[in-house]
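Good morning, colleagues. Please have the sequence and the coordinates open while I speak.

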Amino acid sequence: MLDKNSFRIYAKSKLKSNKNHQAKCVHYSVLGVLKNIIKNKKTKNILLYIPTDYEVDVLRLRQILSKNINIFVPFMLDESLKIVKLRLPFTRGRFNILQANDSNGRTPRIDLAIIPVIGVDANMARIGHGKGFYDRFFSSLNYMPCVIFVSILDLFIGRKICCLHDIRAEFYLTPYKIYKRTKHDTIFRFGASSLHADSRRISWLFSSSQDKRSKLRNFCRASKG
């Protein structure tokens, strides 16, 4: 039976085998949708990440976002994370991952968190590298920001294989499909290309004040055509 660890090994292998010819090109469609979500969520403080070579390069949004939004990135600390201001230069931290320099500033309230994934299960829960850094960080907060998972491949598995403590997302964005979890824990999926092309649909679909399931179903049907 396929379990979380087995799927992680499979998905990580797929990501690494596709990194050379996909990571540097397919992420543009993901970034386009991200920009619209950030705008419609009226984001002020955002948590990004410093990508590896098989993750969506969200730092390409830096120049646009930095005009009006405070940008933070994770900093590994013991067995959890803290968040620090995104500043150059980057240094190599644990697991050979690039990090911004540590700071002792007050941790802000994050409006939106964009997180890379190895895979996503049917509960919209994250399959990561297995270290639990993000899970421990978010469990330490007394609030929950809007969470968005991103990946260069569609690695959604239609089974619940994650644990209860695994962080869950409102959106999972890939270059091929986009997944949305409603407040009723229903997951909708639709084509990324049609969504990316229609900013009016993005406006109502990603507004936190609108969660109309009938409209979403109609949108999904239209996106398949």
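This is a predicted model: local features need pLDDT of at least 70, side-chain atom pairs count only at pLDDT 80 or more; totals for chains, interfaces and linings use all residues.

Tyr 179 counts as buried because its relative accessibility is 2%, where buried means under 20% relative accessible area, exposed over 50%, and partly exposed in between, with a 1.4 Å probe and protein chains only. Residues are numbered from 1 along each chain as its sequence is written, and side-chain values use heavy atoms, with hydrogens and water left out.

Let me turn to the aromatic rings. A pair of aromatic rings is described by the distance of the centres and the angle of the planes. Rings of Phe, Tyr and Trp (its six-membered ring) pair if their centres lie within 6.5 Å; planes under 30 degrees apart count as stacked, over 60 as edge-to-face and the rest as tilted. A search of the whole structure finds five aromatic pairs. In one of them, Phe 156 and Tyr 179 have ring centres 4.5 Å apart and planes at 15°, so this pair is stacked. Phe 156 lies in the loop between β9 and β10 (171–173) and Tyr 179 in strand β11, so the pair ties together parts that are 23 residues apart in sequence. Helices (H or I, at least four residues) and strands (E, at least two) are DSSP runs, numbered from the N terminus. Phe 156 is also buried, with a relative accessible area of 15%.

For Phe 137 and Phe 138, the ring centres are 5.1 Å apart and the planes stand at 75°, so that pair is edge-to-face. Both Phe 137 and Phe 138 are buried.

Which residue is the side-chain partner of Lys 180 in a polar contact? The partner is Glu 170, at 3.3 Å; a polar contact is a pair of N or O atoms within 3.5 Å, where within protein one must be able to donate a hydrogen and the other to accept it, and residues adjacent in sequence count only if both atoms are side-chain atoms. Lys 180 sits in strand β11 (residues 177–181) and is buried, with a relative accessible area of 4%.

Strand β11 pairs with strand β12 (residues 187–191) in the antiparallel sense over five bridges; two strands pair if DSSP finds at least two bridges between them. Arg 181 has Ile 187 in β12 as its bridge partner. The two strands, β11 and β12, form a hairpin with five residues between them. Asp 185, in the loop between β11 and β12, has a phi near 65°, a positive value in a residue other than glycine. Asp 185 is partly exposed, with a relative accessible area of 42%.

Most residues other than glycine have a negative phi, and most peptide bonds are trans. Met 124 likewise has a positive phi, near 60°. This residue lies in the loop between β7 (119–120) and β8 (126–127). Met 124 is buried, with a relative accessible area of 0%.

Met 124 is also one of the contacts of Phe 149 beyond four places in sequence, which include Ile 115, Ile 167 and Leu 173; contact means heavy atoms within 4.5 Å. Phe 149 belongs to strand β9 (residues 146–150) and counts as buried at 0% relative accessibility.

Next, the interior. A nonpolar core is a set of buried Ala, Val, Leu, Ile, Met, Phe, Trp, Tyr and Cys residues joined through side-chain atoms within 4.5 Å. Of the 67 residues in the largest nonpolar core, Leu 34, Phe 138 and Leu 173 touch the most other members. The largest share of this core, six residues, comes from helix α2 (residues 27–40). Beyond four places in sequence, Leu 173 touches residues including Val 30, Leu 34 and Ile 178.

Finally, the chain and its confidence. The protein chain has seven helices and twelve strands, and buried residues make up 51% of its 225 residues. Mean pLDDT, the predictor's confidence in each residue from 0 to 100, is 81 for the protein chain, with 80% of its residues at 70 or more. Over residues 208–212, pLDDT stays under 50, and the model has seven contacts for them beyond four places in sequence.
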